[in-house]
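Here is my note on the model, in numbered points. Please keep the structure open while reading.

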Amino acid sequence: MIVPFISIIIPCRNEENYISRCLDSVLAQDYPGDRVEILVADGMSTDNTKKALLDYAKHHPSVRYFENPKKIVTMGLNILIKEAKGELILRMDAHNEFPIDYVSKCVKYIQEHNVDNVGGVIVTLPGNKTLSAKAIALAMSSTFGVGNSYFRTGVKVPRLVDTVPFGCYRREVFDKIGLFDEDMVRSQDAEFNLRLIKNGGKILLAPDIVSYYYARNSFIKLITMYAQYGYFKALSAAKIGKIIGIRQMVPALFISSLWLLILGAIFLRPFAWLLVFEMALYLAANLFFSLKISLKNGPILLPFLVWCFILIHFSFGYNYLRGIFDFWILKKHLRHKIADLPLTR
């Protein structure tokens with residue numbers, strides 16, 4: 001097997017609690033060390049992240065440190081891609097840990113299959129030991145929480161998909177379709193991968209490529225994250241020119257129907273009954289899936305799971321609609337750059 005040179009790129013900001021675990025797992029890979037470079041861009045961290053990165057760069061020749069003055073992940077990715085020397089470019093994230101064979105499996109699959117990007121399945125872990133953090137991790141791994149997002153819920157055999165996390169790209173992909181879109185504060189991978197598919201590219205999800213992701217550890221951070229996901233998924237769709245994936249539309253359609261029924265109920269009583277019926281149906285489904293998950297992981301998690309699903313669905317759905325209004329109707333992204341948003345930690 002040819003052993004291509006690979007550039008691992010990791011953008012981060014304020015990740016002092018996770019960056020060491022991430023880099024230790026990357027440095028422990030079974031891929032030949034002389035065929036890897038690890039490029040890290042720090043988004044002007046205000047904690048001890050920069051100190052940790054400089055220490056790694058000092059003691060590990062393969063680690064190179066860069067600053068990302070604009071702070072946003074997308075800008076960090078583009079800084080690192082421009083500096084990367086590899087034939088393959090593998091995007092990683094500071095909130096993750098990677099098994100020892102992660103890189104070698106990515107290289108194996110991209111060589112054996114005629115694809116442009118390879119990624120794997122995420123195992124979502126709690127951000128801390130609280131019940132709310134555990135419930136958040138479980139909700140983010142559930143089909144009721146994230147729909148048919150295969151990289152979160154898992155697959156049994158390799159399959160072509162519309163996006164993967166932490167993808168391993170052929171270098172020529174960036175020469176062909178450009179870098180990550182710097183309007184995309186969130187969902188930059190999704191937009192880039194949709195652009196790749198639109199230009200004839202193929203993306204493979206492999207079941208035995210696994211990474212471990214530490215979920216947000218509070219309800220406030222969960223709300224913020226899914227608000228940004230929803231808003232920027234709408235921007236991604238506007239940039240591509242079409243909506244791809246029914247799972248992204250379901251929360252928005254649900255919230256739209258509630259608004260219409262509330263409006264109708266002001267004038268006609270039957271709409272009020274329909275509103276009650278729809279909410280009861282949603283809560284019943286929520287309770288069913290929450291109970292099913294809590295019976296496997298601890299009954300005490302039941303109320304936390306119910307609340308997590310509500311936050312995920314309503315935060316994503318409302319902000320997806322807000323994004324549709326801003327980007328499909330007002331065309332904000334065509335008039336000026338989208339304002340930077342603070343990223344959740």
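1. Which residue in β2 does I6 stand opposite? I6 stands opposite V36. On provenance: this is a predicted model, where local features need pLDDT of at least 70, side-chain atom pairs count only at pLDDT 80 or more, and totals for chains, interfaces and linings use all residues. Residues are numbered from 1 along each chain as its sequence is written, and side-chain values use heavy atoms, with hydrogens and water left out.

2. The β1 and β2 pairing. β1 (6-12) and β2 (36-42) run parallel and are joined by seven bridges. Strands are DSSP runs of E, at least two residues; helices are runs of H or I, at least four residues; both are numbered from the N terminus. Two strands pair if DSSP finds at least two bridges between them. With helix α1 (residues 19-27), β1 and β2 make a right-handed β-α-β unit. Right-handed has this sense: with the strands pointing away from the viewer, the path from the first strand over the helix to the second runs clockwise.

3. The β2 and β3 pairing. Five bridges join β2 to β3, and these strands run parallel. The chain passes from β2 through α2 to β3 in a right-handed β-α-β crossover. Two bridge partners can be checked by eye: F66 in β3 for A41, and Y65 in β3 for V40.

4. Burial of β2. Seven of the seven residues of β2 are buried, meaning under 20% relative accessible area (1.4 Å probe, protein chains only; exposed is over 50%, partly exposed in between). In a regular strand the side chains alternate between the two faces of the sheet. Here both faces are covered: V36, I38, V40 and D42 are buried on one side, and E37, L39 and A41 on the other.

5. Most residues other than glycine have a negative phi. M44 has a positive phi of about 55 degrees, although it is not a glycine. M44 lies in the loop between β2 and α2 (49-59) and is partly exposed, at 33% relative accessible area. K71, also not a glycine, has a positive phi of about 75 degrees. K71 is in the loop between β3 (63-67) and α3 (73-83). K71 is partly exposed too, at 38%.

6. Helix α4 (residues 102-112). Its buried residues are Y102, V103, K105, C106, V107, Y109 and I110. Their cover includes β1, β4 (88-91), β6 (117-125), β8 (168-170) and β9 (203-214). Contact here means heavy atoms within 4.5 Å.

7. Helix α10 (residues 219-240). The helix has 22 residues and reaches 31 Å from first C-alpha to last, close to the 32 Å expected at 1.5 Å a residue. The expected span is 1.5 Å times one less than the number of residues. Of the 22 residues, 16 are buried, so α10 is largely enclosed by the rest of the structure. Just after α10, G241 takes a positive phi of about 95 degrees.

8. Aromatics. The whole structure holds 21 aromatic pairs, counted when ring centres of Phe, Tyr or Trp (its six-membered ring) lie within 6.5 Å. One cluster is formed by F144, F254, Y282, F288, F289, F309 and F314.

9. Charges over rings. The charged end of R21 sits over the ring of Y214, 4.4 Å from its centre. R322 lies over the face of Y231, 4.2 Å from the ring centre. The criterion is NZ of Lys or CZ of Arg within 6 Å of the ring centre and within 35 degrees of the ring normal.

Key: Rings of Phe, Tyr and Trp (its six-membered ring) pair if their centres lie within 6.5 Å; planes under 30 degrees apart count as stacked, over 60 as edge-to-face and the rest as tilted.
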